[in-house]
Amino acid sequence: NYGVEDVNVYDYTDMSISPSPTGDMAYQRWYPTAINLANGKILMLGGIDGNGKGVGMPELYTPGVGWKSLPGAYSNEIATDWWYPRAWLNSDGNVVAFGTKGYNKNFSVHMIDPSGNGTIETVRTLPFQTNNSLPAIMYEQDKVLVLGVDGSAWIMDISGDVPRFTKTSDVGGGRLWSNLVVLADGSVMVSGGSSVENELVGVRNAVKIGDPSTGDWTKGDVAEVPRLYHSTTILLPDGSVLSLGGGAPGPLKNTNGEIYYPDYLFDDNGDP
């Protein structure tokens, strides 16, 4: 429900505007990560090809031009740890990324420069373990919240040349295939998940709200429906959160949603 003034519309009657990019990606990619860059280009990392081989070659998409491989940023680690590399753009224009499986049991953190033919440097390792079913989210510029397999939560500061990590209070275990969303007041909400991957064992229907400024987590209200694999959360314009899906495959196939109303939407009397 957006007016025309709220979106960018290409006028294809104006032939000075290229109506479509040229060139396809050089690599097939299943479960890759796409990162928007500050210059409007898109960096593509990881994924596997049609033969199940991991892709270690990044590719750069330029609107109106097409795709370009970045051989200078090729990574054997990303080719091995290809499942949705966790990656974010920092304020210096570089991309900070890490895998979720642990290449040689080592969760390396990479700094990728997407300019030219690209470069990649391993700058440190994670001080904790994560996996592909645990979420991470950027909640403000250069600040990323990451969940660990042991129920820990970490703030990763990606400004500068080497990311820095600060441990918050534990969010608690049983959050496999949970979701993180940034709320309207800058706090972060985790919802859904379970103790056993995509099974109704140790289901976590209660949300938790994290305050990045203090590192504390507080328990919120309880959802009615478990949200596991293939679920998502979206902050809505009114400050509420839409929680959707979960399953397919899975113990549930949720083609439904719920609305969560954070406490900041109510006054001290509980009125909207």
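The model is a predicted one, in which local features need pLDDT of at least 70 and side-chain atom pairs count only at pLDDT 80 or more, while totals for chains, interfaces and linings use all residues. Residues are numbered from 1 along each chain as its sequence is written, and side-chain values use heavy atoms, with hydrogens and water left out.

Along its principal axes, the C-alpha trace of the protein chain spans about 55 × 50 × 40 Å. The secondary structure comprises 1 helix and 19 strands, where helices (H or I, at least four residues) and strands (E, at least two) are DSSP runs numbered from the N terminus. Of the contacts in the protein chain with a separation of 6 or more, 41% are accounted for by residues 24 or more positions apart, a contact being defined by heavy atoms within 4.5 Å. Of the 272 residues, 45% count as buried (under 20% relative accessible area, with exposed over 50% and partly exposed in between, for a 1.4 Å probe and protein chains only).

The structure holds 9 aromatic pairs, for which rings of Phe, Tyr and Trp (its six-membered ring) must have their centres within 6.5 Å, planes under 30 degrees apart counting as stacked, over 60 as edge-to-face and the rest as tilted. The rings of tryptophan 88 and phenylalanine 98 have centres 5.9 Å apart and planes at 45 degrees, so this pair is tilted. Because tryptophan 88 belongs to strand β5 (residues 86-89) and phenylalanine 98 to strand β6 (residues 95-98), the pair ties together parts that are 10 residues apart in sequence. Tryptophan 88 counts as buried at 12% relative accessibility, and phenylalanine 98 is likewise buried, with a relative accessible area of 2%. Ring pairs also link Trp30, Tyr31, Trp82, Trp83 and Tyr84 into a cluster.

Asparagine 205 is placed in the loop between β14 (188-191) and β15 (206-211), and with a relative accessibility of 18% asparagine 205 counts as buried. When its neighbours within four places in sequence are left aside, asparagine 205 is in contact with Asp221, Val222, Ala223, Glu224, Val225 and Pro226.
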